[in-house]
Amino acid sequence: MSKFEQEKRVKSGIRTGFIGLLINIILLIIKLIAGFTAGSVSILVDAMNSLGDTASSFFTIGGFYVSNKPADREHPYGHQRAEYISGLFIAIIILIVGFQFLLQSIKRILNPSSVYSSRLVLYLLILSILLKTGLGFYYQYRGKQMTTPSNTVLALKKDSFNDALMTLVIIISYSIEVQFGWYIDGYVGAGVALFIIYSGFRSILDSSDDLLGTRPDVQLIQRMQEVLDSFDTPIGYHDLVVHKYGPNKVFATVDIEIDSRLSLIHAHQVIDEIEQEFEKQFNIKLVGHLDPIILDDEEQNKIYALVKHVLKSYHSEYHFHDFRIKRNNGEREIHFDVVVPTDVKETDQELHYKITSDIYRKYNEYPIYIKFDRDYILDEANKNKR
């Protein structure tokens, strides 16, 4: 994403936050009037939910504003994770509101009292449903306009539709209590509060995942593989790692295997071209690590083929890389890394014993040293290819 597109996205997010702020303030006033008029704890719970939504709009504006700040000495990767932090604050507010009004609803259940019948209350609640539903569709429209989806806007859209549904439930319960005199207001309030608490917990988990770092989108990894596969010079690649510092701030590293007979200048040029292609297609800053592979050593090729045969006899998805025959104090040693498929349950120690034993049955000239990788990113992408 270009700087212009990023600034456009941020302006759209801030504008979305201001519209949400205005609507939620109106909804808060409407529901407070309705709640006090009816003497209904469930409506007041819904009003406090709108208060939480108002605070969420403030954090949305602040999150988008801070995320657009350029990188500085203290934050060399920029400030885009501010969106995730604002989402976490929103979730905490939702959770606090939910717990407070769960207590109020329990008090109403233990000490029930009648709500007051009023047409004004019904009209105000219907108006709030229309406003909240409209706001949900507005968030949906804004979210689709953004070149990179915003988890904050998506969460606000979901929350708006959920709020409209909760208000509809409150209208039904209010009508039933007015009509039949059943004391259900406290129970409905508790139900709404529990739903708010659940939404808060889900939002906290989602925001925490973004902050902790999650596995990249499988389709993106597959597209990266297609780009890497499109170059003829590399023999292979491994250890693809993706680091996400915000919705549009992504870095990646990968080891690229190159024939050791190529000149260093040629190999460097190939890696440069791959890095440029990643930036062009994905706006990802890729750092490629040159991994020279010896192909003109007969003994090494023989051992390489043996290792490959042994690993494939266990599982078709076994891969290995960084294969070397090294000299250590005059003695030769075999070194390589094994990428273990995710469905293999054996420990590294068990695998080491198993692999070395099978290799030694056919070739036992040199000691073997193995490192084990659990590459969940590429493994998941390769599974989805099949």
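Begin by selecting Arg361, which is exposed at 65% relative accessibility (exposed means over 50% relative accessible area, buried under 20% and partly exposed in between, with a 1.4 Å probe and protein chains only). The model is predicted, so that local features need pLDDT of at least 70 and side-chain atom pairs count only at pLDDT 80 or more, while totals for chains, interfaces and linings use all residues. Residues are numbered from 1 along each chain as its sequence is written, and side-chain values use heavy atoms, leaving out hydrogens and water.

Asp358 itself is partly exposed, with a relative accessible area of 22%.

Next select Asp291 and Arg324, a salt bridge in which the closest N and O atoms are 2.4 Å apart. This pair links distant parts of the chain, with Asp291 in strand 3 (residues 284–293) and Arg324 in strand 4 (residues 319–328), 33 residues apart; strands are DSSP runs of E with at least two residues, helices are runs of H or I with at least four, and both are numbered from the N terminus. Asp291 is buried, at 2% relative accessibility.

Move on to Asp259 and Arg261, which form a salt bridge with the closest N and O atoms 2.9 Å apart. Here Asp259 is buried, with a relative accessible area of 14%, whereas Arg261 is exposed, with a relative accessible area of 53%. By the same rule, the count comes to seven salt bridges.

Note on methods:
A salt bridge is a side-chain nitrogen of Lys or Arg within 4 Å of a carboxyl oxygen of Asp or Glu.
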